[in-house]
Amino acid sequence: MTVIDRTPVQVTRCFELDRHRARRPEGRDRYTITEVAVYAGLSAHTLRWYERIGLMPHVDRSHTGQRRYTDRDLDWLDLVGRLRLTGMPVADMVRYAELVREGEHTLAEREELLSTHRESVRQRIAELNSTLEVLDYKIDLYAARRRASERADAR
């Protein structure tokens, strides 16, 4: 007999995702591909491609075959957009989607995949901060030279 632990888990809210959800029309839970494309900042072609590769699976269809996205689909697209923004390879995003579909027994593997990616994001942020420091130095240097030149010209 399998026992499932249904103890509530305390998770910190993600206010950034909540803020993004607030952009959705109030009281709706069905969206056309055009509406979703505008919402997500993606083309309809990209949304169809996401479906084909397994990144956006199981999109409902109307009786005429038109895609009908739900708020849950939009939540998923919000996450996919964030993963894209961090530079996660498409293959890893597809793997993550597969793990989610496989169910609860893949929690450890999902955690590992995201933890590994988080570390690469942190490394990239450190590289960008270092590069930003160099840019700030050069900008300050040029600004100081320009001011000195303007003072000399004013005399």
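Okay, one definition before we start: contact here means heavy atoms within 4.5 Å. Keep that in your head for a minute. And please remember that what we're looking at is a predicted model.

Let's start with helix α3, residues 44-53. Which residues of α3 are buried? They are Leu 47, Tyr 50 and Glu 51. Those residues cover an arc of only 100° around the axis, so they sit on the same side of α3. And what covers them? The list includes α2 (33-40), β1 (60-61), β2 and α4 (71-85). Oh, and just after α3 you'll find Gly 54, with a positive phi of about 90°.

Glu 51 has a partner, Arg 67, and their side chains meet in a salt bridge at 2.4 Å, N to O. Arg 67 lies in strand β2 (residues 67-68) while Glu 51 is in helix α3, so this pair ties together parts that are 16 residues apart in sequence. Are these two buried or exposed? Both Arg 67 and Glu 51 are buried.

How many salt bridges are there in total? The count comes to 8. Let me show you two others.

Next up, Arg 95 and Glu 109, whose side chains meet at 2.8 Å, N to O. This one also links distant parts of the chain: Arg 95 is in helix α5 (residues 90-102), Glu 109 is in helix α6 (residues 107-154), and they're 14 residues apart. Arg 95 has 29% relative accessibility, so we call it partly exposed. Glu 109 comes in at 41%, so it's partly exposed too.

Then there's Glu 150 with Arg 146, where the closest N and O atoms are 3.2 Å apart. Here both partners lie in helix α6, 4 residues apart, or about one turn of the helix. Glu 150 counts as partly exposed because its relative accessibility is 45%, and Arg 146 counts as partly exposed because its value is 45%.

One last thing, back at Arg 95. Salt bridges that share partners join Arg 95, Glu 98, Glu 102 and Glu 109 into one network. Have a look at that network in the structure, and then I'll take questions.

Methods:
Residues are numbered from 1 along each chain as its sequence is written. This is a predicted model: local features need pLDDT of at least 70, side-chain atom pairs count only at pLDDT 80 or more; totals for chains, interfaces and linings use all residues. Side-chain values use heavy atoms; hydrogens and water are left out. A salt bridge is a side-chain nitrogen of Lys or Arg within 4 Å of a carboxyl oxygen of Asp or Glu. Helices (H or I, at least four residues) and strands (E, at least two) are DSSP runs, numbered from the N terminus. Buried means under 20% relative accessible area, exposed over 50%, partly exposed in between (1.4 Å probe, protein chains only). The arc is that of the directions from the helix axis to the C-beta atoms.
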